[in-house]
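This report describes the packing of selected helices and side chains. Please consult the sequence and the structure shown below.

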Amino acid sequence: MQMKDQDMLHLKGIYLAPYMQLATALIGKRRHSGGNMFRHQIDTMGILIDYGYIDSVLLKASLIHDVVEDIPEFNRNLILEADAESGQVYELVLEVTKKEGQLKSEFLKHIIEHGSTKAKVLKCADRISNMISLGFVTSPEFIERYCDETEFFILPIALEVDYNMYQELIDLIITRRKYLEDSGYLDRKKDD
């Protein structure tokens, strides 16, 4: 579906450059699937726009959603000084940031139970990007764990906030599980 003119005009007024600059700190951070974390930030923003989300705080946060988690020494004041919305952006980034030592399951349960709508939408877009990247992962154990985690924690979030994202996540889970089946991984696992 093509973007409406009014949405395009709204996007034109969003100043993303400071957040893109902050995201470049992730260029050296490799992903399990290859590539780097900077590209993942851009991809997550693209997924949000693809689904029609043009909220400026949400888009800005998507560009830096992994900066605090993946670069512990990152100067958080740089986020807070970016623009007039930086406080809201920072709070949203913190909502989708797993705290050091926190179990992933606890983190995701917290988003399910206490996350804002924006945090839930951002987490869904983030997971869609991650699930697409699983096509480049060669560890069947990682793929299986990630599919299980997505099914258990992310699908309930997506069902609450965006049915179309929910549908895409289901399709991604199905294709990744089919890959595991076709590769013989599930048969080998049963034999163990």
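## Basis and terms

Axes are lines fitted to C-alpha atoms, for helices over the stretch in contact, and angles between N-to-C directions run from 0 to 180 degrees. Helices are DSSP runs (H or I, at least four residues) numbered from the N terminus. Contact denotes heavy atoms within 4.5 Å.

The model is predicted, with local features requiring pLDDT of at least 70 and side-chain atom pairs counting only at pLDDT 80 or more, while totals for chains, interfaces and linings use all residues. Residues are numbered from 1 along each chain as its sequence is written, and side-chain values use heavy atoms, with hydrogens and water left out.

## Helices H8 and H10

The axes of H8 (residues 104-114) and H10 cross at roughly 10° and come within 10 Å. H8 is therefore roughly parallel to H10 (angles under 35 degrees). Among the residues making this contact are Leu 108 and Ile 111 of H8, and Phe 153 and Ile 157 of H10. The residues of this contact comprise seven nonpolar, one polar and four charged; Asp, Glu, Lys and Arg count as charged, Ala, Val, Leu, Ile, Met, Phe, Trp, Tyr, Cys and Pro as nonpolar, and the others, Gly among them, as polar.

## Glu 144

Helix H10 spans residues 140-161 and includes Glu 144. This residue counts as buried because its relative accessibility is 13% (buried: under 20% relative accessible area, 1.4 Å probe, protein chains only). Beyond neighbours within four places in sequence, Glu 144 contacts Arg 177, Leu 180, Tyr 185, Leu 186 and Lys 189.

Methods. Helix = DSSP H or I, 4+ residues; strand = E, 2+ residues; numbered from the N terminus. Buried < 20%, exposed > 50% of the residue type's maximum accessible area, 1.4 Å probe, protein only. Parallel < 35°, antiparallel > 145°, perpendicular 65-115°, else oblique.
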